[in-house]
Amino acid sequence: MSPQFNLDGEIVPAEEATVSVEDRGFQYGDGAFETLRAYGGDIFEWEAHADRLDRACEALSIDHGIDRAELRERIDETIAANEFDDAYVKCSITRGVQPGKLTPDPDVDPTVVVYAKGLPRGGVDGESVWDDPATLQTVKTRRMPDSAIPASAKTHNYLNGILARAELIDTADEALLRDTEGAVVEGAASNVFFVHDDALHTPSATRDLLPGITRRVVIDLAEDAGVPVRTGTYEPSDVREAREAFLTNTTWELRPVDEVDGISVGGGAVTELLSRLFDELVEERHY
């Protein structure tokens, strides 16, 4: 069966899912998106994702006029149309087609696209979407500061992450990004955690980073399990010298890191504990 997209509220096959070349999302990257994960046909942490999408659209002044229930219905219809139980889902909202000028018109006729791709089952009996632990490489590209593009918004302008990934050598899976002050903030498409001095560390959300939904869930799981959590300002050497490290995002969940800048880090008890607790949470909620 051809992949099915939801384009402005209508289910259409992939070959018919077209967007105008005059759409501002194409011309200027003028749009926001969320990546979500469906377990057992249901969206994980839906309210948190919907809240973040709302904040992103507000930051971009995109008043799309689609209420949350309608958006969720479109997502559910897309998952069902593709006959998925477990899937990666991307929901994208652009400002739509407007006259060819940089200044946006406040009256918005948005383009809304929902795309889904099948993934393995999650939870206790599931399998990882990644085959091996990740290798991290510190890159020269710096994280775009919040004063330039809102750090907490997932926008269509992803050139920063693309340039970071383009620097990677063949053996590296993810870029380790620093902010303009040289502090570690995140991966190109992930949040970074590491274990040092018997505590779990992750860069503070007060820095220029996207505080992921999975990041927040993992912090909550760690605190509930009695694992000390520290947020702060770190150098690449802090991650390289860690006892263990892992990355989080919606698709990867928790992915162990076995190497940072050519230096072996390896997994460990905290990573294994939090991975198990995350799987148990997914299992309890969705299966």
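**Contacts across the chain**

Mentor: Consider Ala-87: apart from neighbours within four places in sequence, its contacts are Leu-36, Arg-37, Ala-38, Lys-117, Gly-118 and Leu-119. Contact here means heavy atoms within 4.5 Å. This is a predicted model, in which local features need pLDDT of at least 70 and side-chain atom pairs pLDDT 80 or more, while totals for chains, interfaces and linings use all residues. Residues are numbered from 1 along each chain as its sequence is written, and side-chain values use heavy atoms, leaving out hydrogens and water.

Trainee: How many residues separate Ala-87 and Ala-38 in sequence, and how far apart are they in space?

Mentor: They are 49 residues apart in sequence, and their C-alpha atoms are 5.0 Å apart.

Trainee: In which strand is Ala-87 placed, and is Ala-87 buried or exposed?

Mentor: Ala-87 belongs to strand β5. Strands (E, at least two residues) and helices (H or I, at least four) are DSSP runs numbered from the N terminus. Buried means under 20% relative accessible area, exposed over 50%, and partly exposed in between, with a 1.4 Å probe and protein chains only. Ala-87 has 0% relative accessibility and therefore counts as buried.

**Nonpolar cores**

Trainee: How should I read a nonpolar core, and which residues have the most contacts inside the largest one?

Mentor: In soluble globular proteins, nonpolar side chains tend to be buried together. A nonpolar core is a set of buried Ala, Val, Leu, Ile, Met, Phe, Trp, Tyr and Cys residues joined through side-chain atoms within 4.5 Å. The largest core has 24 residues, and Ile-43, Leu-71, Ile-75 and Val-89 have the most contacts inside it. At least two residues of this core come from each of β3, α2 (46–59), α3 (68–81), β5 and β6. The element giving the most is α2, with 5 residues.

Trainee: Beyond four places in sequence, what is Ile-43 in contact with?

Mentor: Ile-43 meets Leu-36, Arg-37, Ala-38, Arg-72, Ile-75, Ile-79, Val-89 and His-286. There is also a second, separate core of 20 residues, with Phe-44, Val-195, Ile-219 and Val-229 among them.

**A helix and its buried residues**

Trainee: What span does helix α7 reach, and what is expected?

Mentor: The expected span is 1.5 Å times one less than the number of residues. Helix α7 (residues 269–286) has 18 residues and extends 26 Å from first C-alpha to last, close to the expected 26 Å.

Trainee: Which residues of α7 are buried?

Mentor: An α-helix has 3.6 residues a turn, so residues three or four places apart point the same way. In α7 the buried residues are Val-270, Thr-271, Leu-274, Leu-277, Phe-278, Leu-281, Val-282, Glu-283 and His-286. His-286 is also among the contacts of Ile-43.

Trainee: Where does Ser-61 lie, and what is its phi?

Mentor: Ser-61 is found in the loop between α2 and α3. Although Ser-61 is not a glycine, its phi is positive, at about 60°. Its relative accessible area is 52%, so Ser-61 is exposed.

Trainee: Where is the place of Glu-83, and is Glu-83 buried or exposed?

Mentor: Glu-83 sits in the loop between α3 and β5. Its phi is near 60°, again a positive value in a residue other than glycine. With 67% relative accessibility, Glu-83 counts as exposed.
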